[in-house]
Amino acid sequence: MSEFSVIGKPVALIDSAGKTTGAGKYADDLTLPGMLIAKILHSPYPHAVIKRIDATRALAVDGVVTIVTGHDAPNKYGILPVGHDETALAVDKVRYVGDNVACIVAESESVAERALELIDAEYEPLPAYFDPEESMKATSDFIHAEKPNNVEKDYHHVFGDPDQGFREAAYILEDRYLANEVTHAAMEPHSTLASFEFDSQTGQPGRLTVWSSTQVPYYLQHKLSIVLEMPMAQIRVIKPLVGGGFGGKSEIIPLEIITAVAARKAKAPVKITYTREEVFWAHRGRPRTIVDLKTGVRKDGRITAVAARVIQDGGAYCSYGVVTILYSGALLGALYDIPNIRYDGYRVLTNKPACGAMRGHGTVNVRFAFESQLDELAVAIHMDPAEIRRVNLLKPPCITINGLRVQSYGLPECIDKVLQGSEWASRKGKLGRGRGLGMGCSHYVSGAANSIIRSDMPHSTVNIKIDRDGGVVVYTGASDIGQGSDTMIAQIVAEVLGCTLARVKVVAADTDLTPVDIGSYSSRVTFMNGNAAKRAAEEVKQKIVTAAARKMACAPEKIAMRDDLVTKSGAALVLPDTAASVSGRVEGQILRHSVQQKRKDEGPKDQMSFEEAVVAAIDFSAALTGTGSYAPPAEARGGKHKGAGVGPSPAYSYSAQVAEISVDEETGVVTVHKIWAAHDCGRALNPVSVEGQVIGSVWMGLGQALQEEMVWKDGLLMNPGLLEYKSPSAVESPEIITYIVESIDPEGPFGAKEASEGSLAACIPAISNAIFDAIGVRLREAPFTPDRVLAAIKARNEAQKAAFRGSNEASKPTQFREHGGSLWFKGRGPMRHPADPARAGATNEPDAGDD
Amino acid sequence: MKKELIELRVNGRSREVAIEPSKLLLDALREDLQLTGSKRGCDDSSCGACTVLIDGTPMLSCTMIAASLSADDEGRGPEITTVEGVAEHGAMAAIQKAYGDWGGAQCGYCTPGFIMTVKALLERNPEPSDEDIRHALSGNLCRCTGYTQMYQAIKAAIRAEQEGIASAGR
């Protein structure tokens, strides 16, 4: 008999039937009687003062109920306490093309759309900034008045003695790497439905209920309370099914606030669902990142020092920016043993949609640079790329130079697995011209050890109640966004209580019903909510065991619970004929009555059904409930330096990958044939989900490596649709072989750690390193589109490597299908100030002023 | 725009709806018939989340005018099948069960579209090769799964159809 009866076995997600039959409800599937639809007017200017908004003509349209502008909700908010710089609708000025200007509430979508056209909005354009390095030089017209030089935040960290480290190096490489902007593009466009109820005492709109596509219901509740000036207790946020997030729903998106403000003003339920183009403007994805990286190694491959200067093009608002730029530096540590680190990070504001958190938050682009450079260093010192990684492994348990505590470390085994799988030793460098193998490694946090809002409160709390029917109800604030967290919670509870999965019902992510969980981001849910669920279940189990022990006349330690049976240890296991059916359900009522009667007649026995034990426990100790919570231990919370709060995690996941690719040197097309991906998730609670998360991460990395890129032209997004923003389809997606490595973390629930993000970052360098193996050309700008591959080949052929490094111009895409979205079609954008430096050389005359 | 009464054949039944003549099939299904299983994921007919079957052929309901599918006076018209019409005899179809068991659905938003595409594929070609499957699925986008586990699900569903539903599980 295996150690566990529920965890470790592949199970279908407990909500999968709703998804495959269409019965499951996402936010946009919900309607309320009398519900109105709202549409948002977006700015056609990248940077402009709003002079006037006249809605007279719009309000005259039959079916229009009201208009909402920034003045209806002027309180600033933002996901980070240090970044309260947003209003849901612009109050004084707009900061990017697509910024939210006004919102029309109407009886139908078509009426609202017609009325939008009739809003007279007048703007005074300001100079706009699109390139972070240019933006940093600004001396006037700052994007936010309180942020001089448009720098949101900069950090300068030194750990160890980098100068001495570089002096000790036998070989040093220094290069600029560039990763372009990518976005989550979750399949479900954001949607929010908000409804007020009248208060019986005051007769005024009172409690608010919001259904929203969010990864963070509790943060939404908090920010709504700030903007609407309502107590949090008056606001209920419910997360229905969410159609993917990847970070794009991990903060408050303007429509979530606008919908609530509109519902209050319209005195009716209001729903807003973004179009796909609006999703691109709401964005919050991975910023374009410039990484100037310098690494030194000794002849034996040991890294002596790393220096990184990172500039992120953050867009117009702070969003998660401060955290992103800190992760970029902090997670240079905890993968390899690096004795000396210098990190200079700049988060810069530009007049583009805000960037935020995206799968692999902050680490991905720097990891691409680092793993590429490590590969180059291996070549330089004639060492196998796998060997140089092995030479620099950490020796856990340890604390890295920048204060990150590492306890479980499955990276060595991950490397072994992918080397074996890909037959690295016999095939690397031997596949012939145009075909190659490349390797990359990565890691990620299992939740941040310090929450966004600094406090000592638990990061997760879970409640459980069991009634006399034997049904286990778990109340968790965890937000299942498709990653399977509800299922994970049910599995953990079922495992601890020794009952079948079918007994467990999960009530999740409803701020009125479920205790606080800070959300689904930074891969924290399994570790933190899982631990909370485990503790809650253990509390309940204790009550059941105590009652069962009394009934069986033995010590509580003698009682075991498994497979719906409560057994006295040492006693022979007797399977009752009324044992759980295949579905795990037991004919409760009948069984309970008859067995209770029987037990009275017979006296103590060696075994009880789960139901009998539950009834005994309720009889013995009244209500059968339990609560568990989790807060990361103090030792895991990192150092004391400025910015030390970001990076520490109770545990890190580890990944290694090998990619096999071929390059067509005529066309520049890179084809990925196969990826071997090993991931250390601590323990795989649900292997089918872990595998799915790892494959999904690798695949998303593949998209960023080869084809995904947000293309900008004077602040206007040129590819705001899924046709032009090229997410890999089934025919472009290679076979991905996964290896699950279980390092059993000492603090994870049953040893489990992160599984959903860590694998993404390794894929991009694995592919770039494979391209080098195939054709001897180093790609330093992602994605590796045919244009860039050809440019790199050309640069090599002309032996102009130095020139190529100095300029990224050579590899800018030229063959891109552009349409620029609805603004472009309407002949409106991009418009800008005549004095705008970005206008130099532009042919279209600005249509200054009136729109 | 003034609404008109039309009759649609949906999931084997005749349904009357009063809709604007320009209304898209997807909106008519979701808003007027409350068949919210079909999803809208894009603005440009590129994602496939709204896929339904029209007389057995997978088509994008976001680019079809609902009124163009209206039945004639005798109630004869194209048969529209949505994901809500896939379950058989009150139980989930093999492909629906297999998508759950094998991780074919994560967030599930694209899933109804894939289910419709796969259903049409298997009706046309009960034993598709890997290549056939990849090509059939290439019109539907998924951002969660990387498609790999969908292939496993589809193969399991084929086995289940051939050998009985019990073999579809893992």
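**Close-up views of a predicted two-chain model**

In chain B, the centres of domain 1 and domain 2, taken over C-alpha atoms, are separated by 23 Å; the domain bounds come from an automatic or database domain assignment. This is a predicted model, in which local features need pLDDT of at least 70 and side-chain atom pairs count only at pLDDT 80 or more, while totals for chains, interfaces and linings use all residues. Residues are numbered from 1 along each chain as its sequence is written, and chains are lettered from A and ligands numbered from 1 in the order in which they are written.

**View 1. The two domains of chain B and their contact.** Domain 1 of chain B covers residues 4-85 and domain 2 of chain B covers residues 94-168. Their contact takes 15 residues from domain 1 and 13 residues from domain 2, where two residues are in contact if their C-beta atoms, placed from the backbone, lie within 7 Å. On the domain 1 side, β3 (51-54) and β4 (57-60) of chain B each supply at least two residues, and β3(B) gives the most, with three residues. Helices (H or I, at least four residues) and strands (E, at least two) are DSSP runs, numbered from the N terminus.

**View 2. The contact between chain A and chain B.** Chain A contributes 45 residues and chain B contributes 43 residues. In chain A, the elements that give two or more residues to this side are α1 (16-21), α8 (276-282) and α18 (687-706). The largest share, eight residues, comes from α18(A).

**View 3. Helices α6 and α7 of chain A.** Helix α6 (residues 217-228) and helix α7 (residues 254-266) of chain A pack at an angle of about 50°, with their axes 10 Å apart. Axes are lines fitted to C-alpha atoms, for helices over the stretch in contact, and angles run from 0 to 180 degrees between N-to-C directions. α6(A) is therefore oblique to α7(A); angles under 35 degrees count as roughly parallel, over 145 as roughly antiparallel, 65 to 115 as roughly perpendicular and the rest as oblique. A:Leu220, A:Lys223, A:Leu224, A:Val227 and A:Leu228 in α6(A) meet A:Glu256, A:Ile257, A:Ala260 and A:Val261 in α7(A).

**View 4. Confidence along chain A.** Over residues 803-821 of chain A, pLDDT stays under 50.

How values were computed. pLDDT is the predictor's confidence in each residue, from 0 to 100.
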